[in-house]
Every structure is written in C-alpha cells, then in structure tokens.
Amino acid sequence: MPIDLAALPDDPGILRDLVSHAEHEKAGLRSVNDDLRAEIDKLHLLIAKLQRHRFGQRSEQMDPDQLALALEDLEQAKAAGDEAAQAGTADGQTRERKRRQRNRGALPDSLPQIEVVVDLEEKQCACCGSALHQMGETVSRMLDFVPASFRVKVIRRPRYACASCDGPPVQAPAPPRPIDGGMASEALVAHVLVSKFADHLPLYRQAQIYERHGIRLDRSTLGDWVGRACWWLRPLYDRILSHVMAQEKIFADDTTLPVLDPGRGQTKTDRLWCYAVDDRPWCGPAPPAVAFVYATDRKGERPAAHLSSFRGILQVDG
C-alpha cells in the first residue's frame, strides 16, 4: 500500500515504526519472491526434462531416476538458501523465521516413544521469589532415527549329568543355523539380502558400512551368505512361480538387466522376465503375486520354456 506523504505524522517514534513495518513487509515480499522464483525454476526444469523424455531421441531420453536426482538437487539448494536467509542478520536483528510448508502427516501410533523433559533449572518467581506452580505444558513431536547397530547373540546350552549314576551328560540340541558353521543370524542374512536386492546396495558397500561399526567382513563372506540364502529360498521361489503359472490369466513382460562380465571388463545386457497375476481390480479369488525369471537373452525359446506348463490367457504389452 503506498504511503501518503502529505498525511505523515509528526511524531518521530511513529515514523520509525512505519519505516520498520515497511522494511519488514519488503523483506517478507522479497522472501516470497525468492521462493516463487525457485519454484518456477523447478517447474521449468521438470517441463524440460519431461519434454526431453517424451519427445527426445532415444539416446537423449532421461531415466526417471536421473530426473528424481535433479529435482532432489533443486530441493536441497532451495532448503540451503532458506536456512541461510533465516540465519542471517539485518541491522543487527535476527530475521524472523518464515513458517515453512511441510508435510505434517500423522506419525504412526505403533512407533515407540521416548519423552525428553526440558524444564526450568530454577522454579522460583523472578519477581517475588515464590515457588512456581505448573499450569500446563507444551508438547511437540519429532520423528527420530536410531542407527542400525550390531549385537552378539550368545546361545548358551547348559549341560547336565546325573549325580547318582554314570550316565552320559545330556544337553538340548543346538538350534539350526541358516549357514552351517557361520556366525550370521537369520536377521543379519535377511538384512544383507534386502540391502542387495531391494535397496540396490552392492556387497562391497555393505562391507564398508559394517566396517564403520567395527565389523570386518570380506565381500566373499557376504557373497557366500547370499548364495546359501538363495538356496534356502529356492523352494519358496518355486512355489510362487508355480502359483502364478496355475492361474487362468497372467501378465508378462521383460526388462534389461546389466550384468558384470569380468572376462571383457564391462557389463553385458541380460534379461529379467516378469510374470504376474493380479485379480484385485475385478475381485478375483487369486492373491496377487509376481515371479521373475532370469535369462541371458531375449530369444523366444526363453518365455516358451517358462510358460511350458501354463494354460490360459497371456497378456503382454504388444
């Protein structure tokens, strides 16, 4: 709103308040303008990448993961700029922190909670010295993270002997281990598998993470765990695949899979065939499932062998 110069007050204090209020509004507008410019730049990048992905040459098309990384970089740069602006000072006074728009989704009730009480050291009135009484409290919640930690699982098996005869000592049998003679528990083996196949974390990087915790594991050891765990999981995989192939209608597709080729010092392109069933849209009886079958190429004999026992409708993407 423009200031009417002819109607300015004569009181210097009121004039200072007007100037201070105007400067505050100007700083707020400048902050909003910076946010809008950052959002516009983000949208421009998004449009350019989508156009390139949709209409560009095949060699120029961007992978969705690369687009996500670019957007993450923009978000990080914007957040760093916001934090620098909020921490800065103007005329010796700290700028008022601007309320950020956040996704304030409700935290799950199933999460464990710990309470941190931030209380006064002196509970006496600063004016009269009387004891203060609590009239309420302010409660706020933050989502916390406890880093993964290792622990040693000690299994003790007491051994007993009869004091009245010379019978042999008795002892409870040792519980089975996922890897005979190995020190990995079921939970650790499952974590290695999920990290490798679901989170795309190679074994050598997992070994580096474990070493930061003081646990030295060779990549060959982790590879041995993965191979043995895959042997244990093979019956489950066969069961899922047979369940999919027993349905009346399945979906099929294949995707490229880069595989290391040590002999040539580079990667080769193999295939991962996907067979899925999902009757939920039409309330079918079969539970949803998906099975992946690895193949070294895309020859027609591969899906023909995979589908040799299937009798039904096969839906593909043409």
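1. Start with Phe150, which sits in the loop between strand 2 (93–94) and strand 3 (159–160). Keep in mind that this is a predicted model. With a relative accessible area of 35%, Phe150 counts as partly exposed.

2. Who does Phe150 meet? Leaving aside residues up to four places away in sequence, Phe150 touches Leu188, Tyr210, His213 and Ile215. Take His213: 63 residues separate it from Phe150 in sequence, yet the two are 7.7 Å apart in space, C-alpha to C-alpha.

3. The axes of helix 3 (residues 186–198) and helix 5 (residues 219–245) come within 10 Å and cross at roughly 95 degrees. An angle of 65 to 115 degrees counts as roughly perpendicular, so that is the label for helix 3 and helix 5.

4. What makes that contact? Helix 3 brings Leu188, Val189, Val192, Leu193, Lys196 and Phe197, while helix 5 brings Leu222, Trp225, Val226, Ala229 and Leu233. Sorted by class, that gives 10 nonpolar residues, no polar ones and 1 charged.

5. Now have a look at helix 5 itself. Its 27 residues reach 36 Å from first C-alpha to last, close to the 39 Å expected at 1.5 Å a residue. There is a bend of about 45 degrees at Leu233, and a proline, Pro235, follows within four residues.

6. Which residues of helix 5 are buried? They are Leu222, Trp225, Val226, Ala229, Val244 and Met245. These buried residues pack against several elements, including helix 3, helix 4 (203–212), strand 5 (249–261) and helix 6 (301–306).

How values were computed: Residues numbered from 1 in each chain as written. Predicted model: local features only at pLDDT ≥ 70, side-chain atom pairs only at ≥ 80, totals over all residues. Heavy atoms only, no water. Axes fitted to C-alpha atoms, helices over the stretch in contact; angles between N-to-C directions. Helix = DSSP H or I, 4+ residues; strand = E, 2+ residues; numbered from the N terminus. Parallel < 35°, antiparallel > 145°, perpendicular 65-115°, else oblique. Contact = heavy atoms within 4.5 Å. Nonpolar A, V, L, I, M, F, W, Y, C, P; charged D, E, K, R; others polar. Buried < 20%, exposed > 50% of the residue type's maximum accessible area, 1.4 Å probe, protein only. Expected span 1.5 Å × (residues − 1). Bend = angle between axes of the 7 residues up to and from the residue.
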